Amino acid sequence: MSAFVEFKNVKKTYKMGETEIHALNGADFEINKGEFCVIVGASGAGKTTILNILGGMDTLTSGNVILDGTDISKMSKKQLTSYRRYDIGFVFQFYNLVQNLTALENVELAAQICREPLNAADVLKQVGLEERMKNFPAQLSGGEQQRVAIARALAKNPKLLLCDEPTGALDYNTGKAVLKLLQDTCRKTGMTVVVITHNSAISAMADRIITVKNGKVSDMRLNDNIADAADIEW
Amino acid sequence: MARSMRKTTLREIKHTFGRYMAILAIIALGVGFFSGVRDTTPAMVNMMNGFLEENNFYDFRIISTSGWNDKSVEEFAEQPDVLMAEGSISFDASYYVPSRSIDEAVLKTHMLPEKINTIKVVEGTLPENSEECAVEQGRGYKIGEKIRINESNDSEVLEMVKSREFTVTALVISPYYLNREKGTTTIGNGTVDGFVYMPKSAFDTEYFSEIFVCLDNDYVMYSEEYNDFIDDRTEKWEKLSEETALKHHNKLLADAEAELADAKEEYESGIKEGQEELDKAAAELADGKKTLEDTKKQLDAAKADIDMLKAYIGANSPDVQKAETDYSNGVAEYEKGVADLEKGEKEYKDALAEFEEKSAEGGQKIADAEKEIAKLKARSVYVLNRNTNIGYALFENDSEIVEQVAKVFPVFFILVAALVCMTTMSRMVEEQRTQIGILKAIGYSETSIMGKFMFYSCSAALIGCVLGFAVGTKLFPAIIWVTYKIMYIPIDIPYYFDKNLALAAAAVSMLCSAGTTWIACRVELKETAASLMRPKAPKAGKRVLPEYIPFLWNRLKFLHKVSIRNIFRYKGRFFMMVTGIGGCMALLLTGFGLKDSIAGFADTQYGEIQTADAAVSFLDEKYEKINELLTEKTNGFAMMNHGSWDLLYEDRVKSIDLEAVEDFGNISEFMVFRDLEKQSISTPDLNEAIISHSISDRYNVEIGDEITLRDADMRELHLTVTGVFENHTYNLIYTTLETLEKQLNEDITPNKTFINFKTGETHGKQAADINKNSGVISVEQFAKTRDRMAEMMSSLDYIVILVIACAAALAFIVIYNLTNINITERQREIAAIKVLGFFRRETSAYVLRENIALTFMGILAGIAIGIPLHSFVMSQIKVDIVDFSTVILPQSYIYSAVLTLIFNFVVNLFMEIKLERINMAESLKSVD
């Protein structure tokens, strides 16, 4: 079975005047469908660049990125937008909810631009926010806001759920609860989930752990001893 | 400012150059408009003042009907407050150009001045001998051309000049004639067409008709100081002139009386002598006659003797023959005597005739001398100040129009500019919240932190202020003067720097920048460093009003709901945007409205209200004749008595025109009386009057009030106001002729009439045809008046176009700036939306939909602000003889709105680019 996500010798070079910075210097990895994958690495290792490229927010200098058999490395800006729109669900570190929309409306905002969205209310119920649907973001706690963000990403019914430091702005327990939600989602719906973090402790709950260092994948392994999100500690 | 602080400030400017420029531009525009408009009137007055000073414009023009001599001039010149005095001659005469058969033109003929009211040569050299002259430039005369004085001028006028033909040696401008309009005259077609200057040697007169006096003062024309200065001296000068005139006059009178006495004496002695001689001659004649008769008798007797002798002694006797010879000798002698007598008698008759002629002549001489004395005795002296000079007075009025526009308009500009500065600076301070917190934490004082923002805004404002001031004060007076120049003398307007205005501009711009920055900083700086460094909680969303109307709300598309929420979410931004755009819309609307109101009044006045073709003024004693004439020559007329009266209000007086109409029956063919709502109003009955809107408006007279009018003889009229009619030129009151007659208790004859021309001949021809009749003073064709008025007001048009252009520029900057702020504020949100997969057009629609909605609200607000602003500005523009109608035509609303939308559209295009550039990675960043 060929991989669901493939990075093949991906290079990303930023030109800063005279000097060139190689954010990615030939990254290779693959992720199978339905996996819960954690990409871990120190600051500046190239995680965010991988995220940007995989999320269709940035282009790459060379190499190939394939999602579900489609090569996104050659896509135009507009195609990339469509790619983001239909294939990717994004969970941000700082939630990025639209402040003047209620939880439900924030989910709808994403859902209404997709081809086969899930029912917004159902998704919110799924993430445990049945009671808070009518609330505005400012009336929700950080964890709740991040759940809304996850619901928003899920409602789009994407092929891939990309999470950028989803626990970064949350306290320990809430962070763990959010991770559990992500893991459960992966398990229950078979959604492929990619979590990007600098916190290597999180990798304990992953199916696949990819370690990034100096713009390259230094290590990629399948986790033999998958921990439950509730059990991990940092 | 610490070094690193300075660095961060300068870098801030570099990085946010667009914003910096926005502040700079808005201040430049505000200050430019403010100072430009404010500078125009002083600059124009300064220019004219310079021209008048350069040419020693007079302070007093002193006229005496008995004239002045050199001594009088000297006497005036010796006064302590006098700089110089100069005698001069002026009269109206009609001239023509023989070589070009140009129609005759009435020219004011002046003596070439040496000291006062000196003229400026535009082309050629000043005339030097009695056959040369200088004429007004720009009237079609050429150097070297000859002009000829018309023989049809009064003999008195013709006697004044030595030559009949004059060669034009110079084309000149004169401080005495600043305006194209030169007033009225009693000859020709009633208006003075131009002027001509001739050297002193060209005049054949011993006396001056007027003396110009320059007083020792440096006051600027029209200034209160100057007017007070003149007012203070008027009485003294009137007395002095009277005395001086009296001296000259007494001499003249004494001369005349001596002449009279001589004439009388000569006459009487002549009569006596002549009579004596005549008597003597008559006696001699009688003697001669008697002698002759005696001789005849003797001869007859001698003849009888001879006949007798013949019978007795025969005819041949020598005695008889001797006697016969003697007799025939005697007869011859007698006949000679008879002839002599006849001659003597004829001589006597001649002498008698001569005597009679001479005595009649003497009588005439006496009568002349007596008349001269009577004229001298009826002499009057006038001390006229500059305000009686038509150019001087007109220029004050015209230049004031700009000043009146300058009163309110710029303030509004400045307000909008301040609003934009405020929004921009608040946004900036908010953006830099964390930085402020850090600086505070490091230990910078509030003052130095605020200093950074102060420097940012103030430096932008200062540069903008200097730029705006320089450009505004240079450009506005120049552009406006270009239009005025058509009506006035063609001189260049020098740059006028008004220190106070510069200070005001600087103060205003500082207030806009520093003031708003202070307000913006104050709140943030009060917070503690720690709270500043914590991200500010995003403004909570909440339900907005429309949501409580489910009927509407549920029908809206999802994204529309979002937009509506967003609009109401940021109240501050909503307010700024709506007021900002509304302000610009209001300015545009006012600009267009000004144009409508100003451009339209002449059309309304002469197209809809005063519908007669012309007005004829005539001498009231010729009423019967004129009545006949007009019955034949016109297509109907309405007679009235026109008079100038003073309206008494609040212990002041205002000169108005009173028209006492003979019969209001057919007046509607000539003048439509209607109120401002275009409803016709009824004509006055006995002791009633209707007044023009200008009078009601400016002097607070209402329907039902009783007004009092007073004329020069202090006679009073008391009239009840029964209506206020729409009328845009002059201040008019209409009543009935009967009222006038009853209240003044005398017979009043009409002296003015409205007429409608017959079809066929051109109106001009018909007017001339009526004008040439004796007793007709003038024929005013309203079509011409309408054109002239429109031309006069075209100078205002330019100002209006300037206003519109500036309002448009302002609108553009405001919309750009506000939209820009709107977008930078929401970068994260927009980035997140993009990550979600919104297409380009969806993203811009998401943001700009709000913008468009706000623009529409701004337009509505603008209409709401614009209408009162327009009426306010109109109420400030007061020209005594013109009452503008305050109208904004429907298309002006459309123009203003469309312009605003176009600006919005253009700005949106820019913004789409900006949206496109927003990096999606923004959404990954933490809140800062």
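**Chains A and B: a working discussion**

Me: What share of the residues of chain A count as buried?
Reply: In this predicted model, 51% of the 234 residues of chain A count as buried.

Me: And how many helices and strands does chain A have?
Reply: Chain A has six helices and 10 strands.

Me: What fraction of the contacts in chain A with a separation of 6 or more comes from residues 24 or more positions apart?
Reply: Such residues account for 69% of those contacts in chain A.

Me: Let us take the sheet in chain A. In what order do the four strands of the open sheet stand?
Reply: The order is S2-S1-S4-S5 in chain A, and the pairing is antiparallel.

Me: Which strands stand at the edges, and why is one side of each left without a neighbour?
Reply: Strand S2 (19–31) and strand S5 (70–71) of chain A are at the edges. Each has a single partner strand, so one of its sides has no neighbour in the sheet.

Me: How many bridges pair S4 with S5 in chain A?
Reply: Two bridges pair strand S4 (residues 62–67) of chain A with S5(A), in the antiparallel sense. In one pairing, Ile66(A) has Asp71(A) in S5(A) as its bridge partner.

Me: What lies in the loop between S4 and S5 of chain A?
Reply: Asp68(A) lies in that loop. Its phi is near 50°, which is a positive value in a residue other than glycine.

Me: Why does Asp68(A) count as partly exposed?
Reply: Asp68(A) has 15 C-beta neighbours inside 10 Å. A residue needs 20 or more to be buried and 12 or fewer to be exposed, so Asp68(A) is partly exposed.

Me: Which strands of chain A does helix H1 lie across?
Reply: Helix H1 (residues 47–54) of chain A lies across strand S1 (5–16), S2 and S4 of chain A. The helix runs at about 65° to S2(A).

Me: Now chain B. At what angle do the axes of H2 and H9 cross?
Reply: The axes of helix H2 (residues 17–54) and helix H9 (residues 446–485) of chain B cross at roughly 35° and come within 5 Å. The crossing of H2(B) and H9(B) is right-handed.

Me: How do the residues of the contact of H2(B) with H9(B) divide?
Reply: There are 24 nonpolar residues, 10 polar residues and one charged residue in that contact.

Me: Which residues of helix H18 of chain B are buried?
Reply: In helix H18 (residues 763–771) of chain B, the buried residues are Gln766(B), Ala767(B) and Ile770(B). Viewed down the axis of H18(B), they fall within an arc of 100°, so they line one face of the helix.

Me: What do the buried residues of H18(B) pack against?
Reply: They pack against strand S12 (614–618), helix H15 (623–633) and strand S20 (776–781) of chain B.

Me: How many bridges join S1 of chain B to S10(B)?
Reply: Five bridges join strand S1 (residues 60–68) of chain B to S10(B), and the two run antiparallel. Phe60(B) stands opposite Val213(B) in S10(B).

Me: And over how many bridges do S2 of chain B and S10(B) pair?
Reply: Strand S2 (residues 82–88) of chain B and S10(B) pair over six bridges, in the antiparallel sense. Gly87(B) has Ile211(B) in S10(B) as its bridge partner.

Technical notes: Residues are numbered from 1 along each chain as its sequence is written. Chains are lettered from A and ligands numbered from 1 in the order in which they are written. This is a predicted model: local features need pLDDT of at least 70, side-chain atom pairs count only at pLDDT 80 or more; totals for chains, interfaces and linings use all residues. The arc is that of the directions from the helix axis to the C-beta atoms. Two residues are in contact if their C-beta atoms, placed from the backbone, lie within 7 Å. Two strands pair if DSSP finds at least two bridges between them. Axes are lines fitted to C-alpha atoms, for helices over the stretch in contact, and angles run from 0 to 180 degrees between N-to-C directions. A crossing is left-handed if the near helix is turned anticlockwise from the far one by less than a right angle, and right-handed if clockwise. Ala, Val, Leu, Ile, Met, Phe, Trp, Tyr, Cys and Pro count as nonpolar, Asp, Glu, Lys and Arg as charged, and the others, Gly among them, as polar.
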